[in-house]
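Please open the structure in a viewer and keep the selection panel at hand.

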Amino acid sequence: MHLATSSGRAQPGLDAVREVSLAVNAAHLFIYFVHEVRAEAAELGVADRAAYFAFRAAPMGAVPWQVVLATFYGFNPRAVCAMAGVWGAATPAQWQAARFAAAGRAMRRVGAEPTAEQLAEARSLIDPVVAGADYAGKALAAANAAVPLPADPLVALWQQITVLREWRGDAHLVVLASNGLGPCDSNVLQTATGRFPEAVARATRLWNDEEVAAATERLVARGWLDDDGTVTDVGMAAREQIEVETDEHCAALWTPIGEEGARRLASLIMPIHQAFAAVGTFPFPMAGTGTPEHSR
């Protein structure tokens, strides 16, 4: 059943919401893996983990690392505090401009550029979604929506994709918290389900052995993991239910274009991800499968 909103238009079904969410996430994700980003960070005199946080947090302005920790959720404070000093190296506006430059060069390098007609159609679908979104409680999405779109139409499309990617991420955090799944617990469950490689999670989120063991113990007590950390059927079902609840939260977002429009947008932007996957950009399989928010 498709629920009607106050405007009388029907929300898309959850299958369509999941499809477009996966496409949005996939089309955004290359930015965390391409060498163009590392080159831009080096020009600003910052590297590695600190640059990741600066690039992604730049739309919020020169906020302290504690604000970034709150909005990014899944990271240990030890990881996020590495960004202290990044706003002294360059302003948030400079970080944002560098991110746009990297995105444009990377997409053109791999041929991830729609035709002019496809790009115009994608914008005709995504722009009303961004414009009509409710940003209450969506801090990172709202910050990205406030960023002026660049003149480059390809990068402008990517930024609109980024707004919606972060919108779903913000919604996902609400669902995680409402299910009593804290930052470390959510990482442990996600790796146990096989949706996020454990080595990547441990290297980037910086939860140590003691913290992971405590999170595992909590998940065992809930019946979501076995004593050895293997996910149970109950745990798999619970993780999928979290995704379903996130989809439910997101359904109204896509009302301006409906189910047909959401599926069409997905088909128009998924080739961005496919172009990057084809040249081996990603260190683990990410071909549109898994959950839309594995990296949050």
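**First stop: α11 and α13**

Select helix α11 (residues 183-192) together with helix α13 (residues 209-221): their axes come within 9 Å and cross at roughly 75°. Axes here are lines fitted to C-alpha atoms, for helices over the stretch in contact, and angles run from 0 to 180 degrees between N-to-C directions. Helices (H or I, at least four residues) and strands (E, at least two) are DSSP runs numbered from the N terminus. α11 and α13 are therefore roughly perpendicular to each other; angles of 65 to 115 degrees count as such, under 35 as roughly parallel, over 145 as roughly antiparallel, and the rest as oblique.

The model is predicted, with local features needing pLDDT of at least 70 and side-chain atom pairs pLDDT 80 or more, whereas totals for chains, interfaces and linings use all residues. Residues are numbered from 1 along each chain as its sequence is written, and side-chain values use heavy atoms, with hydrogens and water left out.

Now display the side chains. Cys-184, Asp-185, Val-188 and Leu-189 of α11 meet Glu-211, Val-212, Ala-215, Thr-216, Arg-218 and Leu-219 of α13, contact meaning heavy atoms within 4.5 Å. The contact of α11 with α13 has 6 nonpolar, 1 polar and 3 charged residues. Ala, Val, Leu, Ile, Met, Phe, Trp, Tyr, Cys and Pro count as nonpolar, Asp, Glu, Lys and Arg as charged, and the others, Gly among them, as polar.

**Second stop: α10 and its partners**

Select α10 (residues 153-178) and α14 (residues 233-250), whose axes come within 9 Å and cross at roughly 125°. That makes α10 oblique to α14. The contact is made by Trp-167, Arg-168, Ala-171, His-172, Val-175 and Leu-176 of α10 and by residues of α14 including Arg-239, Ile-242 and Glu-243. By class, the residues of the contact of α10 with α14 are 6 nonpolar, 3 polar and 5 charged.

Arg-18, Ser-21, Val-24, Asn-25, Ala-27 and His-28 of α1 contact α10 residues, among them Trp-158, Ile-161 and Arg-168.

From Ala-27, move to Leu-44: the two are 17 residues apart in sequence and 25 Å apart in space, C-alpha to C-alpha. Leu-44 sits in the loop between α2 and α3. Beyond its neighbours within four places in sequence, Leu-44 is in contact with Ala-89, Ala-90, Gln-94, Trp-95 and Ala-98.

**Last stop: the largest pocket**

The largest share, 6 residues, comes from α3. By class, the lining has 19 nonpolar, 3 polar and 6 charged residues.
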